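Hello,

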Amino acid sequence: MQVAIIGAGPRGLTVAERLLNLADSQLSINIQLFDNYAIGGRVWDPFLPQNEKFLMNTIVEQITLFSDDSIVNGGTPIAGPNLYQWCQSHAQDFLAQHPEFPNAYHDILNNIDANQFVPRGLFGVYAAWFYEWLQKYNKLANNHTLEFTQQSIQDISQLANKYQLTLNDGSSFLADQVVMALGHADNELTAEELKFQDYAHQYHLSYMPPAHPAEVELQHFSAQDTVLLRGLGLSFFDYMAALTEGYDGQFIRQVDNTLRYIPSGKEPKIIAGSRSGFPPHARGENQKTTSELYQPQFFTLPALDALKAANHGQLAYHDFKSLLIKELTYKHLLNILNSDQNNLAYAQSEQLKQALLTSPDLLQTSQSFGLIDTPFDIETIMHPEKHLADNVDYQAFIIDYLNDDILDARQGNKVAPFAGSFDTLRDMRDLIRLLVEKHYFSDEDYETFLEDFNAINVRLSVGPPLYRIEQLKALIEADIITIMAPEISISTENGKFVMRDKRGHSAFGNVLVEARLGAIHLQLAKNPLIQNLRQKGWLVSPTYTRNDQSTYTLDVANIDLRTFEILNAHGQVQPNIYLYGIPVEGVKWFMTVIPRPGVNTIILREGAWIAQHILSQA
């Protein structure tokens, strides 16, 4: 059996590992990995200098490439070290044997902590070791082979019951089974982006469209430049680091534990904003063990099933959101009661804890006991500026807002009133994925889910390491960064880019950076493979029908949710071609994750299912 895996990132490597370790020793199987980037894939490329500094968004102890016995229907696991354990054991020897990796990774290993956020490139080195382990230390059967070709796949054609893959050098590879683990694709520029690019050429400005920040050249600016950053998500923090520390600025920890930024004098002025106007909340300092998950009291499958049954067999988005917010509120109140912020006596606290478990209105119950609290109000959390006076010093407000976030997150991701509540959402993602995959929502409510809940999820549970929020606060205080109010718009005027917000602020710049990755966009994807499969009718976007019979289409690829095989333009399975991960975001939910040990993590779980389906065809 010849198996082609397109993409050598975590998903591609997962399928390869499961194929090798679950295949019968009598089965002849050749696995060929293809990727235009090094083993580990594009995001984690250890040879990109910026990836020596840009941080992962998960602590080192909660990252793995090894399957374990938590994986449901994953087959027999093969034990191996998580990223932290690997750093403590195999990493130094591996780097010594592979001088092609930058020296920076040796230095990183000297001071590593289990709860640390490490540079992305280090995961790329771990992936390279994992691939070598698969080849050498796993003692592959004589008729099991694994190879890697550092090329991209341009096209796939069907030849009888096999598939011919065309590589970018014009050569070809014949496969019985094809797995596409493609990750984020670059997009053609939108009409607006093309307009900004043309304007930049006309007026000798700089425009940087959506891209992976580690691949963007950012070292040619000076203190005379003003950079407008559109976006305050995770990519923003990469650009922030590159434009400050990357220009020799320094962060100093002061005696009061705050950060102070010492400018080099070479940094450009940075103006940043987004539609929401606020960065995601800082990740709370980790207090959880490697595989520890919060167990919800209200937001449970039986409770959701009951809501679904009471609504003619479909879960209303309003009911979903109300129950989820109730769970977050409960955790928030529980953390208040267990903290030194609790104003109640012990006996009262215990009574309130019991009362909350059966309360229809948690806020009202807590107030009836006299608990003094900053309420968990989702509207205020999502729109903190809502009731600000027009004449407020907006930068001072942002500094106070970030300071509150920092102080809360320092209390930890189990016990902090807000960060501890937010982190439960991360632990409940698999249940939410189940609701999406089992079509609990009507098509109309699913559209609302994607618009409303995705924004809540990003703000609350997809935040950067706490250190990045501390840095942002220090940079605002140093007058290096200015944050605009929500609802920004970008235009052009008098040979400059202009950013305006809903409070009437405006800022002019000679540089505009789209501080985000390109959206998942099947129609705009530049990847030749996606373009060719789309033209063949093999990659097709799913269409949904609202209650009024109007329709909407998600510009992602449709798949059979049972087997992960792609669904073609006729709505039929294109046999033995599998797709999982980023390009199906929307058909499935929240694919931008890294494998975590001991929690039935989605990447390892789905990779195992694909591998087993492939092996069942042998």
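Y207 stands opposite L512 in β17. Strands here (E, at least two residues) and helices (H or I, at least four residues) are DSSP runs, numbered from the N terminus. Before going further: this is a predicted model, in which local features need pLDDT of at least 70 and side-chain atom pairs count only at pLDDT 80 or more, while totals for chains, interfaces and linings use all residues. Residues are numbered from 1 along each chain as its sequence is written, and side-chain values use heavy atoms, with hydrogens and water left out.

Back to the strands. β8 (residues 206–208) runs parallel to β17, joined by three bridges; two strands count as paired if DSSP finds at least two bridges between them. β17 (residues 511–514) also pairs with β9 (residues 226–230), in the parallel sense over four bridges, and there L229 stands opposite V513. L229 also stands opposite A272 in β12, a strand (residues 269–273) that runs parallel to β9 and is joined to β9 by five bridges.

Which way do the residues of β17 point? V511 and V513 go one way, L512 and E514 go the other, and all are buried (under 20% relative accessible area; over 50% is exposed and in between is partly exposed, with a 1.4 Å probe and protein chains only).

Put together, five strands form an open sheet with parallel pairing, in the order β8-β17-β9-β12-β13. β8 and β13 (481–483) are at the edges with a single partner strand each, so one side of each has no neighbour in the sheet. From one strand to the next, the twist averages 15 degrees (axes are lines fitted to C-alpha atoms, for helices over the stretch in contact, and angles run from 0 to 180 degrees between N-to-C directions).

Now for the protein as a whole. It has 19 helices and 21 strands, and buried residues make up 56% of its 618 residues. Its radius of gyration is 25 Å, which agrees with the value near 25 Å for a compact globule of 618 residues (taken over C-alpha atoms; the rule is 2.2 Å times the number of residues to the power 0.38).

Next, the spaces inside. On a 1 Å grid over the protein atoms alone, a cavity is a set of points where a 1.4 Å probe fits but cannot get out, and a pocket is an open set with protein on both sides within 12 Å along at least five of seven lines; lining residues have an atom within 4 Å of a point. Grid points are joined across faces, edges and corners, and a volume is the space filled by probe spheres set on the points.

The second largest pocket has a volume of about 590 Å³. Its lining has 22 residues, with T374, Y401, D404, D405 and F418 nearest the centre. α13 (394–409) gives the most to this lining, with seven residues. By class, the lining has eleven nonpolar, five polar and six charged residues (Ala, Val, Leu, Ile, Met, Phe, Trp, Tyr, Cys and Pro count as nonpolar, Asp, Glu, Lys and Arg as charged, and the others, Gly among them, as polar).

There are four cavities of 30 Å³ or more in the whole structure. The largest cavity holds about 90 Å³, and A185, I520, H521, I530 and P583 are the closest to its centre among its 15 lining residues.

Best wishes
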